[in-house]
Amino acid sequence: MSVSTSATNEQPGPSGLRRSLGVRDLMVYGLLFIAPMAPVGVFGVLDARSHGAVAAVYLAATVAMGLTAYSYAQMVRAVPQTGSVFAYARAGLGEGAGFLAGWMTTLDYVLIPAVAYLFAGIALHSLVPDVSRWLWTALAVLVTTALNLVGVRTAAVVGFAVLALEIAVLLVFTAAAVVALAQGGARRGWDTPFTAVGGFSLTAVVSAVSVAVLSYLGFDAIATFVEEAVGASAAVAKAVLWCLALAGVLFVAQTYLAAVLAPTAPQRLAADPAAQGSAFYDTVESGIGHWLHVLVAASKAIGAAFAALAGQAAAGRLVYAMARDGRLPRALGAVDPASAVPRRALLAAAAVTMAAAVWAAERDDGLDRLTSVVNVGALAAFALLHASVVGWYTVRHGSRDRLRHLAVPVLGIAVIGAVVYEASTTAQLVGLAWLAVGLVVLGAQGTGPVGRRR
C-alpha cells in the first residue's frame, strides 16, 4: 500500500495533477479529516441524547455511513475524475444535478475545516491564554495552507506523522482505561454503552445518530484525489471503504470505554447541557488521571488543525474541478506546474475558511453556529450521490444488479432523510438558503455543459 516513486507514477497526467498517492496516503487524508478521536468533542451530547447507549449510536452511524461509502465506491469506479460527488451526479443525473451536488458539498468542505481550525485555536488558547483565540486560529490556517501549497506528497507525509500521533494517544487512552477498569471496575453496567441506562430507546438512539454523523464527515474527501492516486479508482474505492470501517471500530471502542468509566449519569448530563462539552475530559480526569487529560487535549488540538489540512485540500480540488468545467471562474481551474496542485483553488478555499474560522473565533457563540450547519451540505450531496448510482447503473446503463444499484442507494437516501429531519432548524434553514443561491447561479448558467476538460 506504499506510494510508488517511479517516474511513470509521478508524472503529471493530462489535467496536470500528479499520481503520487497510494492507498495508505488516501486513508491518511480520510482519517485526518475525520480525526481518530472525533467523538471526544460530542461524547457528552451523545451520551445524554441516547441515555448512555453511545456505543450503539456509533455502531448505527457506521452502518448508515457505510451505505454512502458503498455508493462512493460504485461511482468512483464508473467516473474516475476529481471533483467527487460533483462529477458523479453530473454523470449519473445530468449537468444541473452535478452542479448542485458540488455546490452543496462546497458548503460542507468550507465549514468543516473552519470548525476544525476553531477547535485548534480554542485548545491552543487554553494552553497559552495570552495569545488570543482568533490569532491561534489564523495561525493554524496559515501553517496548514502552506503545507498544502508545497505539494500533496509533502502534506501526506506530515499528515501521516500527525495521524500516527493521534492513534498513539488513542492507544494510550485505551490501555489506561482497561487498567482502570480492571482495578476499579465499571461505574455503569458493562452492557449499558449498547443497551442504555434505565432502558433502551430506539428514538433516542436515532436522534443521537443525527449528531454522530458529524464525526464521519470527511471520509468522502478521499474521492477528490482520484486523479492523483496510484491505482486510480480501484485504490480510491478501497481506501474509502477501509477508512470508514477503521473509523467505526475506533469510535465504538473509545466511546464504549468512556461510557463505562463515566462518573456522571446520562440523565444528569441531559439536565446540564453546559457539562456535555467536557464530559469526555471529565471522565478521563476522574477515571484515569490529569496527565491523560492533558495528553488527550493536546492531541485533539494538533489533530484538529491537520483535519482541517485534509479538508482544505479536498475543498481546493472540488473548487478546481468545478472551475475546470466552467461552473466556477475558470481562473480557479489551473494547476501549478511546479507543485502539481491547484494553487489558486486552494488559496480561494483557504480564504473563505479563514474568514469563517476567524469570525467564529471572535464570537462567544461562534462554535455553536458553525457546528449547527456543517452537516447539511454534505448530507444533501450524499443524497444526490445515491441518486447518481441509480441514474448511472439502472437508467443509463441498464444494470440488472438491482440490490446494489437500486436497493442500497434508496435505503441510503431514506437514512439521510431521517438524519436531516432530526437536524436543527438553523441547519435546515442555512441548507435551504445555500441551495437557493445555488439554484439562482444554475439558472443564470443554464443546465447544459458550460465547459470541457482540456
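Modeller: Contact here means heavy atoms within 4.5 Å. By that rule A383 touches I413 and I416, leaving aside residues up to four places away in sequence. This is a predicted model: local features need pLDDT of at least 70, side-chain atom pairs count only at pLDDT 80 or more, and totals for chains, interfaces and linings use all residues. Residues are numbered from 1 along each chain as its sequence is written, and side-chain values use heavy atoms, with hydrogens and water left out.

A383 sits in helix 17, which covers residues 374-396. Helices are DSSP runs of H or I, at least four residues, numbered from the N terminus. Is A383 buried, partly exposed or exposed? A383 counts as partly exposed, because its relative accessibility is 23%; buried means under 20%, exposed over 50%, partly exposed in between, with a 1.4 Å probe and protein chains only.

Now helix 4, residues 54-78. Of its 25 residues, 18 are buried, so helix 4 is mostly covered. The expected span is 1.5 Å times one less than the number of residues. That gives 36 Å for helix 4, and its end C-alpha atoms are 36 Å apart, which agrees.

Next, the packing. Two packed helices are described by the angle between their axes and the distance between the axes. Axes are lines fitted to C-alpha atoms over the stretch in contact, and angles run from 0 to 180 degrees between N-to-C directions.

Helix 2 (residues 23-34) packs on helix 14 (residues 290-324) at about 120°, with axes 7 Å apart. The pair is therefore oblique; angles under 35 degrees count as roughly parallel, over 145 as roughly antiparallel, 65 to 115 as roughly perpendicular, and the rest as oblique. Y29, L32 and F33 of helix 2 meet F306, A307, L309, A310, G311 and A313 of helix 14. Eight of these contact residues are nonpolar, one is polar and none is charged. Nonpolar covers Ala, Val, Leu, Ile, Met, Phe, Trp, Tyr, Cys and Pro; charged covers Asp, Glu, Lys and Arg; the others, Gly among them, are polar.

Helix 6 (residues 95-127) and helix 15 (residues 343-361) pack at about 45°, their axes 8 Å apart. This pair is therefore oblique as well. From helix 6 come V110, L111, P113, A114, Y117 and L118; from helix 15, V352, T353, A356, A357, A360 and A361. Here eleven contact residues are nonpolar, one is polar and none is charged.

How values were computed: Helix = DSSP H or I, 4+ residues; strand = E, 2+ residues; numbered from the N terminus.
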